[in-house]
Amino acid sequence: MGKYFGTDGFRGEANVDLTVEHAYQVGRFLGWYYGKDKKEKCKVVIGKDTRRSSYMFEYSLVAGLTASGADVYLLHVTTTPSVSYVVRTEDFDCGIMISASHNPYYDNGIKLINSKGEKMDEETILKVEDYIDGKIEVPMAVRDQIGCTVDYSAGRNRYIGYLISLATRSYKNIKVGLDCANGSSWMIAKSVFDALGAKTYVINAEPDGLNINMNAGSTHIEVLQNFVKENQLDVGFAFDGDADRCIAVDENGQVVDGDLILYVCGQYLKKHGDLNNNTVVTTVMSNLGLYKAFDAAGISYEKTAVGDKYVNENMVKNGHALGGEQSGHIIFSKFATTGDGILTSLKIMEAMIEQKQSLAQLAEPVEIFPQILENVRVYDKAVAQADEDVQKAVKEVEAELGDEGRILVRESGTEPLVRVMVEARSHEICREKVDKVVKVLREKGHVIK
């Protein structure tokens, strides 16, 4: 993790933590870096979500990129996975997505994507940071070397066509609810499901620049739960601001999170001989109940650090077909190199239709352990987590839980938070153990009041 870029890009409050000057500098460096060893200009594709500030960051990035000699192709409002798709299929040097994902509208972020459609490597990111800090000088392009800007909405349309092509059956007469979080998926998701014949019911698809993720989408799943029940829908899918994650709701209004999605899709792939190495890649945040269900189903699993970037690295290294996070970032390596919320919803539909079972039936074998996750805002997350008394409290909780639960304390990759998570047989036990660790964090003066 660098000085500016966390696990999922350069993120912060617009014009406070992340400024237009930062965006311009990122563009200046990337335009030069990817073009310096080429005889022709480098090509960069940019997408953005619906935040009001996304437009000013787009213009700043374009100014920096073209000033360094890059040609810039604009997808306009689109999803992060669509940028990844366009980069890897249409010979771009890199891609940029302007989004703070599930964060509120006043935050924004810059996500960098390499030519393979994957999250940018650390080495390149550190060079970008060195340029921002004035450690590297980059020349200006002049005369005919100055870059140009190209309207490239056609790239987004090709991505939509690609998604539609992945469906194995028609969705005719299936009632599907979509919560688009007033974000990037607001036009794309409905277009895909309508084209496949579903009876599509859509909420939170009226972005105004200020309402992205506001009581909507995958981080406010209760909205979709109520919508599915009230309209007696067969299934519902909620996306986040940039649509790289998906949380589902079954026909009974019950939440099917990333862990349950991994089980449903893992079982389906295994049944059809498509679960490479008989292994699903998870993160350390996945629920104990998922692992017990995998054990019962004879499916192996691996654990990575939190972040679909690390999940993808493991999948690429070992040739695995499926991986993801509890938060709904799911990767199907045959079809994508990053989490893709709409693609995930299509693969869930495939598992339901081909097996002639409802989502509730498919997820039923997994008994999820109660879990409490508390985000504690601290002055210095590294210092707080390294505190000897905090570590002692964590070890005590581990011993008390034994094989009937677990505790995980980790730093947020994007915010000044220490995340304290406990799983156990009951919510009461979870609450007790979380409170024990948080109490020590407060007593030692780490918590921002």
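This briefing covers nonpolar cores, a surface patch and salt bridges. The model is predicted: local features need pLDDT of at least 70, side-chain atom pairs count only at pLDDT 80 or more, and totals for chains, interfaces and linings use all residues. Residues are numbered from 1 along each chain as its sequence is written, and side-chain values use heavy atoms, without hydrogens or water.

**Nonpolar cores**
- The largest nonpolar core has 66 residues. Those with the most contacts inside it include Tyr171, Val176 and Met349.
- A core is a set of buried Ala, Val, Leu, Ile, Met, Phe, Trp, Tyr and Cys residues joined through side-chain atoms within 4.5 Å. Buried means under 20% relative accessible area, exposed over 50%, partly exposed in between (1.4 Å probe, protein chains only).
- A second, separate core of 32 residues includes Val26, Phe29, Val44 and Leu74.

**Salt bridges**
- The whole structure holds 33 salt bridges. Each is a side-chain nitrogen of Lys or Arg within 4 Å of a carboxyl oxygen of Asp or Glu.
- Glu354 and Arg169 pair at 3.3 Å, N to O. Both are partly exposed, Glu354 at 25% relative accessible area and Arg169 at 41%.
- Lys444 bridges to Asp387, with the closest N and O atoms 2.9 Å apart. Lys444 is partly exposed at 37%, whereas Asp387 is buried at 11%.
- Arg419 bridges to Glu415, with the closest N and O atoms 3.9 Å apart. Arg419 is buried at 14%; Glu415 is partly exposed at 23%.
- A network of salt bridges links Asp8, Arg11, Lys111, Lys119, Asp242, Asp244 and Asp308.
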